[in-house]
Amino acid sequence: MPPSTQKRHRIPLPVWLAALLVSLSAKAPAQTITEYSIPTKSSFPFSVTPGPDGALWFTETRGNKIGRITTAGAITEYPIPTPHSMPIWIVAGPDGALWFTEKSGNKIGRVTTLGSFTEFPLPTPGSDPWDIVSGPGGALWFTEHGGNLVVGSIATDGTLSEYPVPIGPWDLGVGPDGAIWYTEWFYNEVARMTTAGVVTNQYAVPTPDSNPNVIITGPDQLLWFTEYAGDKIASLTTAGVITEYPVPTAKSEPGNITVGPDGALWFTEHAGNRIGRSTLAGSITEYLVPTPASAPMVVEPGPDGALWFTEYYGDKIGRITTPPTN
């Protein structure tokens, strides 16, 4: 039953203003997050990447599988031949296949879009391969976390090369200068290495003990990286000038960072349970993931104009729309 006119006049002004704000906010464009449950329980999805077939491909660290999800949310899983291999990062290679690291399997894996696997053992036992990117010269480049101060590369024919570096590499990316840039998590530095394996520069991160994490090249031709313990994202020129931007949520543990279809930088907040978006000027907006404590791990753009991300503890693949452009 509608309230009487008399009662409407008695609504306190602060309440009326609050109701108006709610009404206006409901009409404002909002980011939509959709989540898709992975069939394998406790699979711990880590990395996701767009594939050459118009789908997204992801790793299941405990499920020991490579997953494929269409933009409509249909999931297919492919078991990795090596048991307990612990797949971590995955990337589309220049040969039309997907390449991934097997941390416990001590191998670099390759899977076709039809689910056919090839595995390449690393020369050094206990290498613990971690990050992998598609880099210069048509090779895949990767880091080793097993105490080996090594950055490796593998050609699409399986030819492996390893390059000793001064300090342990963490994650790596290809810089705007064509060089390999990698973070030094435990030493709070970012390093530059030529494709011949020569480390030319090491730059200290201004925030102490920041744990520099994932590094990429932005649309502004700057390098961008996350600071896991520093709760910041940062830009870096090829001359070594670092600018830092604090993430609004404290102790959020920013992880992966990528360039979105909208030209902004998008990143995950493991502990903050959020997906963050930063303009190139460092203005940050955050979006809460619906599943509590899901630990969003890696976010990457999909072929549908949205961002797709893994929920490590949530056992889900998430999708978030990009804001409308003016």
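## A hairpin and its sheet

Strands S24 and S25 form a hairpin with five residues between them, and Gly282 in the turn has a positive phi of about 90°. Strands here are DSSP runs of E with at least two residues, numbered from the N terminus. S24 covers residues 274–278 and S25 covers residues 284–288; the two run antiparallel and are joined by five bridges. Ser278 stands opposite Ile284 in S25. Two strands count as paired if DSSP finds at least two bridges between them.

The model is predicted: local features need pLDDT of at least 70 and side-chain atom pairs pLDDT 80 or more, while totals for chains, interfaces and linings use all residues. Residues are numbered from 1 along each chain as its sequence is written, and side-chain values use heavy atoms, without hydrogens and water.

S22 and S23 run antiparallel and are joined by four bridges; Thr258 stands opposite Trp266 in S23.

## The nonpolar core

The largest nonpolar core has 40 residues, and Phe46, Trp89, Trp99 and Ile132 have the most contacts inside it. Several strands each supply at least two residues of this core, among them S2 (45–50), S10 (129–134) and S23 (265–269). S6 gives the largest share, three residues. Such a core is a set of buried Ala, Val, Leu, Ile, Met, Phe, Trp, Tyr and Cys residues joined through side-chain atoms within 4.5 Å. Buried means under 20% relative accessible area, exposed over 50%, and partly exposed in between (1.4 Å probe, protein chains only).

## Aromatic pairs

There are 18 aromatic pairs in the structure. Phe44 and Tyr312 form a tilted one, with 4.8 Å from centre to centre and 45° between the planes. Phe44 lies in the loop between S1 (33–37) and S2, and Tyr312 in the loop between S27 (307–311) and S28 (316–320), so the pair ties together parts 268 residues apart in sequence. Phe44 is buried, at 14% relative accessible area, and Tyr312 is buried at 15%.

The ring centres of Phe46 and Trp130 are 5.5 Å apart and the planes stand at 80°, so this pair is edge-to-face. Phe46 in S2 and Trp130 in S10 are 84 residues apart, and both are buried. Rings of Phe, Tyr and Trp (its six-membered ring) pair if their centres lie within 6.5 Å; planes under 30 degrees apart are stacked, over 60 edge-to-face, and the rest tilted.

## Salt bridges

The structure has eight salt bridges, each a side-chain nitrogen of Lys or Arg within 4 Å of a carboxyl oxygen of Asp or Glu. One of them joins Arg68 and Asp53, whose closest N and O atoms are 2.9 Å apart. Arg68 lies in S4 (residues 65–69) and Asp53 in the loop between S2 and S3, so the pair ties together parts 15 residues apart in sequence. Arg68 is buried at 19%, whereas Asp53 is partly exposed at 28%.

Arg277 is in S24 and Asp262 in the loop between S22 and S23. Both Arg277 and Asp262 are buried.
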